Amino acid sequence: MSSNATTNIAYPKEVIDPHHHFIDTANTTFQKFLQRACGGDISCLPEDYTRDVIEPLARLGVQFAGSVHVEAMPDNGPEEVAWVEQMSAEGRCSYVKGFVASADLTQDNIDEELQKLIQTSPNKLRGIRWILDCVGKFEGGKTVTHLATSRHDGIDYLKSAEFERGLAMLSKYNLSFDLQCAPIQLVESAATLFAKYPELKVCIDHLGKPRTVLGSDLLDDGKTINPNIIPDANEMEIWRKGMKAMSALPNVHIKISMLGYSMPGWIRTDERKAILKSMVREVVDMFGSKRCMVAWNWHVNGAVSDAGKSAFVLLFYHVDSIV
């Protein structure tokens, strides 16, 4: 980024990052599913986060006030929280102020599992996430079904009585729920389900996850930038309908994050940035600014997470400018 790219940008004095992940598959016992899913070991640790996020912000004069660690598909939710808490106690990530932890809400012993999580971090546990993107069985990225749902063979939990039973228990412990699902699920089931629990705080992850609305970043030759600037009308219609239904629920918030999923290579051209800006503005208009938050979903996959060693400051500049 050129030195004058941020000249006229008025950055906030401080920020809180509400969504990031730590991963170390080679040295933990609770990330075996993730290790298998990735086909090998991956690592993104507090020292990397400091380099990629905190230090670039400091260079912009922005104070980093803290973060929320979000589950990364662990085999055991309490063990993941305990691991991050231990790193925090060692001074490696004392900036982690809260947890959105993993818990399969369909478990028969879900009450016991929630109590374990609270005991593991009684002062920082804020919410629960169980990834729900599902339009059938996982097909290796060919559909919107997330690899996380391969843990239960592509069953749509948003249509599950067992899941609703567990969801209903979250308010008992004053816990929120992070909702990551496909736009069609917002339309078909999520809005109806969460309307039944107005006391439950819900946060939609990743802009509601409209999928590659302009298509792939590059053409089939792997070199030429995809020139398309016409969003997929069907994808946008479904996403917009779901967003409107969810925004009508006052207990629902949304994270503006993982923009690279909705529009791969969105920072490449002014046209792409303009389209994404219109989508973000539309979401802010629907939910109101007080129910929106910007997050970077920092982890190893920078292209999707909108993070990375060299891209973070660019991301911060562009997100600031489009919001």
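Predicted model: local features only at pLDDT ≥ 70, side-chain atom pairs only at ≥ 80, totals over all residues.
Local features here need pLDDT of at least 70, side-chain atom pairs count only at pLDDT 80 or more, and totals for chains, interfaces and linings use all residues. Residues are numbered from 1 along each chain as its sequence is written, and side-chain values use heavy atoms, with hydrogens and water left out.

Helices and strands are DSSP runs (H or I, at least four residues, for helices; E, at least two, for strands), numbered from the N terminus. Take α3 (residues 77-89) and α4 (residues 110-120): the axes of these helices sit 9 Å apart, at an angle of about 5 degrees. Axes are lines fitted to C-alpha atoms, for helices over the stretch in contact, with angles running from 0 to 180 degrees between N-to-C directions. The α3 and α4 pair is therefore roughly parallel; angles under 35 degrees get that label, over 145 is roughly antiparallel, 65 to 115 roughly perpendicular, and the rest oblique. On the α3 side, Gly-77, Pro-78, Val-81, Ala-82 and Glu-85 meet Glu-113, Lys-116, Leu-117 and Thr-120 of α4, where contact means heavy atoms within 4.5 Å. Sorted by class, that makes four nonpolar, two polar and three charged residues. For these classes, Ala, Val, Leu, Ile, Met, Phe, Trp, Tyr, Cys and Pro count as nonpolar, Asp, Glu, Lys and Arg as charged, and the others, Gly among them, as polar.

On to the charged pairs: the structure holds 19 salt bridges, each a side-chain nitrogen of Lys or Arg within 4 Å of a carboxyl oxygen of Asp or Glu. One of them joins Asp-133 and Lys-209, at 2.6 Å from N to O. This pair ties together distant parts of the chain, 76 residues apart, with Asp-133 in the loop between β6 and α5 and Lys-209 in the loop between β8 (202-204) and α7 (233-247). Both Asp-133 and Lys-209 are buried (under 20% relative accessible area; exposed is over 50% and partly exposed in between, with a 1.4 Å probe and protein chains only).

Lys-196 and Glu-164 also pair up, with their closest N and O atoms 2.6 Å apart. Here Lys-196, in the loop between α6 (183-195) and β8, reaches Glu-164 in helix α5, 32 residues apart. Lys-196 is partly exposed at 48% relative accessible area, whereas Glu-164 is buried at 19%. A further bridge links Arg-272 and Asp-217 at 2.7 Å, and both residues are buried. There is also a salt-bridge network, made up of Glu-71, Arg-129, Asp-178, Asp-205 and Lys-255.

The largest nonpolar core has 81 residues, of which Phe-22, Leu-167, Phe-177, Leu-179, Phe-194, Met-246 and Phe-287 touch the most other members. Helix α9 gives the most to this core, with eight residues. Such a core is a set of buried Ala, Val, Leu, Ile, Met, Phe, Trp, Tyr and Cys residues joined through side-chain atoms within 4.5 Å.

Two loop residues have backbone angles worth a look. Asn-174 has a positive phi of about 60 degrees without being a glycine, and it is found in the loop between α5 and β7 (176-179). Leu-207, not a glycine either, also has a positive phi of about 60 degrees, and lies in the loop between β8 and α7. Asn-174 is exposed, with a relative accessible area of 67%, while Leu-207 is buried at 0%.
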